[in-house]
Amino acid sequence: MTHIYEAAVIGAGIAGSVMAKSLADHGWDTVLFDRKAFPRHKVCGEFLSPESLTMLKKLGLREAVSALKPSIIQRTSLILSRGKPLEIDLPGTAWGVSRYQLDSTLHQAALRAGVQVQTETTVISVKPGEQGYIITTKKHGVVQEYYVRAVIAACGATAIPGLQSQTPRDAKSVKGAHLGVKSHYAGLDMDGVVELYFFEGGYLGLSPIEGGQVNVAALLEREAFQWADKSILGLIEAASAKHSKLSERLSSAQSVPGTQAAVAPVKLTRKPLAWDIFPRLGDAAMMLPPLCGDGMSMALRSAMLCAPLASRYLKGQISIVEWEHDYTRAIHREFKGPLKWGHRLQGILALPYLPHMMLAATKFTPGLADRFVQATRLKETEY
């Protein structure tokens, strides 16, 4: 069976869902694909920064997300194996909300806008056609074709079959890669703070979410945990064993069944790629170091940058070459600073002695920690 749409978005995470909704809001018939079932748990910090909340308001989504009753977060605590924690006030109020609830809410918003949401649908191929692209999909064994004028990729580093140049240049390399694990826990009192624990071979964050639960997410060097139990909870336990304060913190907490997720490999040095045959959003375009805690903000911003240009292209106001040029420039402008400083901060905290030196420096240089935080954040902008 053949379907005709004006736009297709591949990947129904935050960036893809917001992009699809924005296109539908502009009046374009849009289909949104994802190969996974929803709702589901994903490896994520589950932290919506103050910048994210500003964007949700501009997108008309803040009230829907607020209805999930997210946790209110106002500060961050950096905790090394020794010494006092470094407390940093956030530049505004942040929210903690699970991807399980957030993704579902964004899907519902896209559906209300008129998007055709197709989950559990594998994109088999995307091929250029006379007036756009031919997308072939399979869902529960049924193969279908979609003719669309525009395609947007929001599927992380996943390759899209049928295209010659669809994978970030170094995505296949796993040398130096990390793995990410997460689980929700009960029995932890967070009091409006995100706690980040650093240890040899990675770090782990505790972030409060809705319902009084806490998201426990870790980014680990694969080589440093080859000896550990390879289950998700086993890896979290192995990580906490490397940090006495973290071990004590989690000793009375209980993991919530069914909330575990893992992802590997996580390649932090993957080069940004805003456009490859067609535009890429969120993690498909770049990997912002998770330590920055702004991944969901990046996803929202990339969709907000791309959607107006996509609409202008579909109206015939700009060519696809102009769309590529303007979007690539916008991504470079918005993300160059946060990427640069995010990778520097990630590198500092990955070395054995530098984190202690950095924390010591913040005690003698008032405002240094705040400047580090601001350097990794997206700046306010008009759309």
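Predicted model: local features only at pLDDT ≥ 70, side-chain atom pairs only at ≥ 80, totals over all residues.
The protein chain contains ten helices and 17 strands. Of its 383 residues, 56% are buried. Among contacts in the protein chain with a separation of 6 or more, 70% join residues 24 or more positions apart.

Packed helices are described by the angle between their axes and the distance between the axes. Helix 1, spanning residues 14-25, packs with helix 7, spanning residues 295-314, at an angle of about 30° and with the axes 8 Å apart. Helix 1 is therefore roughly parallel to helix 7, as angles under 35 degrees are counted in this way. The crossing of the two helices is right-handed. On the side of helix 1, the contact is made by Ile-14, Ala-15, Val-18, Met-19, Ser-22 and Leu-23. Helix 7 contributes Met-296, Ala-299, Leu-300, Ser-302, Ala-303, Cys-306, Ala-307, Ala-310, Ser-311 and Leu-314. By residue class, this contact of helix 1 with helix 7 comprises 13 nonpolar and three polar residues, with no charged ones.

Leu-273 lies in the loop between strand 15 (261-266) and strand 16 (275-276). The relative accessible area of Leu-273 is 11%, so this residue is classed as buried, the cut-off being under 20%.

Notes
Residues numbered from 1 in each chain as written. Heavy atoms only, no water. Axes fitted to C-alpha atoms, helices over the stretch in contact; angles between N-to-C directions. Helix = DSSP H or I, 4+ residues; strand = E, 2+ residues; numbered from the N terminus. Parallel < 35°, antiparallel > 145°, perpendicular 65-115°, else oblique. Left-handed = near helix turned anticlockwise from the far one by under 90°. Contact = heavy atoms within 4.5 Å. Nonpolar A, V, L, I, M, F, W, Y, C, P; charged D, E, K, R; others polar. Buried < 20%, exposed > 50% of the residue type's maximum accessible area, 1.4 Å probe, protein only.
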